Amino acid sequence: MTPFERRVLAAVSRIPVGRVATYGDIAKLAGRPGAARAVGNIMRQGNHPGLPYHRVIAAGGRLGGYSSPALKRSLLIAEGLTVSARRVMGFAQVRWRPRRGQFG
């Protein structure tokens with residue numbers, strides 16, 4: 001596993017229940033702004049059970065890719081989020097953005 005992959009997975013592990021972060025948010029936290037696609041590739045592998053991969057979504061609140069979009073939607077709803085067929089509603093309010101020093 002590369003250092004970047006470790007940082008991505010560490011960031012994903014910190015997303016609180018009922019909150020979401022974008023692929024771009026995670027890339028930035030992992031030290032590679034603009035590497036959203038690379039984060040998506042890491043999420044696609046999803047080989048670390050227990051990590052909340054479903055909390056990582058596309059820009060603007062879109063659900064983005066997932067092995068089962070219906071499962072991703074269901075998991076987010078179970079955490080209290082309002083989700084349409086393709087988007088997290090109230091995205092700005094549930095977007096996780098750690099404060100300076102909260103992540104590292």
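First, the ground rules. The model is predicted, so to speak: local features need pLDDT of at least 70, side-chain atom pairs count only at pLDDT 80 or more, and totals for chains, interfaces and linings use all residues. Residues are numbered from 1 along each chain as its sequence is written, and side-chain values use heavy atoms, with hydrogens and water left out.

Start with H3, residues 36-45. Helices here are DSSP runs of H or I, at least four residues, and strands are runs of E, at least two, numbered from the N terminus. Which residues of H3 are buried? Val39, Gly40, Ile42 and Met43. Buried means under 20% relative accessible area, exposed over 50%, and partly exposed in between, with a 1.4 Å probe and protein chains only. Down the axis of H3, the buried residues fall within an arc of 160°, so they line one face. That arc is taken from the directions from the helix axis to the C-beta atoms. Turned away from the buried side are Arg37 and Arg44, both exposed.

What does the buried side pack against? Helix H1 (3-13), helix H2 (23-29) and strand S2 (56-57). Contact means heavy atoms within 4.5 Å. Just after H3, Gly46 has a positive phi of about 45°.

Now the cores. A nonpolar core is a set of buried Ala, Val, Leu, Ile, Met, Phe, Trp, Tyr and Cys residues joined through side-chain atoms within 4.5 Å. The largest has 19 residues. Those with the most contacts inside it are Phe4, Val8, Ile26, Val39, Met43 and Val56. H1, H2 and H3 each supply at least two of its residues. H1 gives the largest share, five residues.

Look at Phe4. Beyond its neighbours within four places in sequence, its contacts include Ala27, Ala38, Val39 and Ile42. The charged end of Arg32 sits over the Phe4 ring, 4.3 Å from its centre. The cut-offs there: NZ of Lys or CZ of Arg within 6 Å of the ring centre and within 35 degrees of the ring normal.

His54 lies in the loop between H3 and S2. Glu79 is in the loop between helix H4 (69-78) and helix H5 (91-94). His54 counts as buried because its relative accessibility is 8%. Glu79 counts as buried too, at 19%. Their side chains make a polar contact of 2.8 Å.

How values were computed:
Polar contact = N/O pair within 3.5 Å; in protein donor to acceptor, adjacent residues only side chain to side chain.
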